[in-house]
Amino acid sequence: MQYAEIMVRYGELSTKGKNRMRFINQLRRNIQHVLSCYPDISIRATRDRTHIYLNGTDYQLVAQDLTKIFGIQAFSPVYKVEKDLVVLKKAVQTIMQDLYHEGLTFKISTKRSDHSFELDSRDLNQLLGAAVFEVLPKIQAQMKTPDVNLKVEIRDDAAYLSHEEIKGAGGLPVGTSGRGMLMLSGGIDSPVAGYLALKRGVAIEAVHFASPPYTSPGALKKAQDLTRQLTKFGGNIQFIEVPFTEIQEEIKEKTPEAYLMTLTRRFMMRITDAIREARQGMVIINGESLGQVASQTLESMQAINAVTNTPVIRPVVTMDKLEIIELAQAIDTFDISIQPFEDCCTIFAPDRPKTNPKLKNVEQYEARLDVEGLVARAVAGIKVTEITPQIEQDQVTDLIDQLL
């Protein structure tokens, strides 16, 4: 027998009351984005569940993608058969024979959505349970925590059977908690921060600072690959490339080396905030982890944050590096992050950066720079690209050319 559909169950969405359908519809859109590479699939969302009709598509591939989408509590692959007692009995017998091993316990759980069907749920449970004993006389029935709970639903169009429940990613559908700008470097921490923001329903746009020729095309592609990995959790993400060469050269030439990192991060924060405002974002998200590097002490964070009143979310701020690495490995960003390409934060890194920068000193050094002009030119020069869960055909061609 071949699975006909996947039935998706919701998690926290059940608590959303009058807003529930808004969350469900957003989840449906996210599923459509993530599964866009499967052209034969169709999706229908209802208040109680979402149905993904496979139409011959490989169930295992689809299931693998579904486990990563936030907002899904669990899902089950489902068989579709005729609403006929003979056909139903045969289908139940076939499924249980395929699953059987010595000592297996089972239960039949029937739901009759079509109340015109000839048997009610109780009678159908007894009939189908007896059918299982006909072909498997040694099997044991168990009402509490059986090894197999075979669920049978009688709908208007057909009967649907399922016995497997796969855990989803939980959380909230991406996009139901507003939009934030993720300051995405090529490192380990910022993709993890983006993942955690996505889990709570925040749609992210990835802001990446590039300083050619100091940073390479490989560093840019690495950031785009990290962004693509994050699309698997909720759909397409806008990737915003910011030209940052002029600013870094100005800072290096006109300010003390010890303050280079602080000044650089303040410019990044200003630019990200300007982009956020222009694109109707609500928050800034970054991968700062307290005490991990010089720019991530409380004193540094205070001096850097002084340039904006926008909330800055730091999902990994209290996590140890090993905890962040473990999560990066779990979401498949770690191997991309450790590729040896320098980013903006490392190319001019001073030997002895200031770990407790004084705000008055920072502002004094910034007075040597055309802050407004530098920020305005960087924002005017951004390049926005939509990153999808799948590599576009021209990118596939590029990759093949590189390999050859």
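By contrast, C344 is buried, with a relative accessible area of 3%. I used these cut-offs: buried is under 20% relative accessible area, exposed is over 50%, and partly exposed is in between (1.4 Å probe, protein chains only). I then searched for disulfides and noted zero in the structure; a disulfide here is a pair of cysteine sulfur atoms within 2.5 Å.

**Ground rules.** I am working with a predicted model, in which local features need pLDDT of at least 70 and side-chain atom pairs count only at pLDDT 80 or more, while totals for chains, interfaces and linings use all residues. Residues are numbered from 1 along each chain as its sequence is written, and side-chain values use heavy atoms, with hydrogens and water left out.

**Overall form.** I noted 15 helices and 15 strands in the protein. Both are DSSP runs numbered from the N terminus (helices: H or I, at least four residues; strands: E, at least two). The C-alpha atoms fill a box of roughly 85 × 50 × 40 Å along the principal axes. Of the 404 residues, 52% count as buried. The accessible surface is about 19,400 Å², and carbon and sulfur atoms hold 49% of that; the areas come from the Shrake-Rupley method with a 1.4 Å probe, and for residues only the protein chains shown count as cover. I also checked contacts (heavy atoms within 4.5 Å). Among those between residues at least 6 apart in sequence, 79% join residues at least 24 apart.

**Largest pocket.** How much space lies in the largest pocket? I wrote down about 670 Å³. The search ran on a 1 Å grid over the protein atoms alone with a 1.4 Å probe; a pocket is an open set of points with protein on both sides within 12 Å along at least five of seven lines, and lining residues have an atom within 4 Å of a point. Grid points are joined across faces, edges and corners, and the volume is the space filled by probe spheres set on the points. I counted 34 lining residues, with S185, R265, Q296, D343 and C345 nearest the centre. At least two lining residues come from each of α5 (189–199), β11 (203–210), α8 (260–278) and α12 (344–347). The lining divides into 15 nonpolar, 12 polar and seven charged residues. Ala, Val, Leu, Ile, Met, Phe, Trp, Tyr, Cys and Pro count as nonpolar, Asp, Glu, Lys and Arg as charged, and the others, Gly among them, as polar.

I found A210 in strand β11. A210 is buried, at a relative accessible area of 8%. Leaving out residues up to four places away in sequence, A210 touches T215, E241, V242, P243, F244, T245 and C344. V174 is 36 residues from A210 along the chain, and their C-alpha atoms are separated by 27 Å. P212 and P213 are joined by a cis peptide bond, with omega about 5°. P213 lies in the loop between β11 and α6 (217–231).

**Positive phi.** I looked up T145, which is not glycine, and found a positive phi near 45°. T145 sits in the loop between β6 (140–141) and β7 (148–154) and is exposed, with a relative accessible area of 70%. Q280 is not a glycine either, and has a positive phi of about 60°. I placed Q280 in the loop between α8 and β13 (283–285), where it is exposed at a relative accessible area of 58%.
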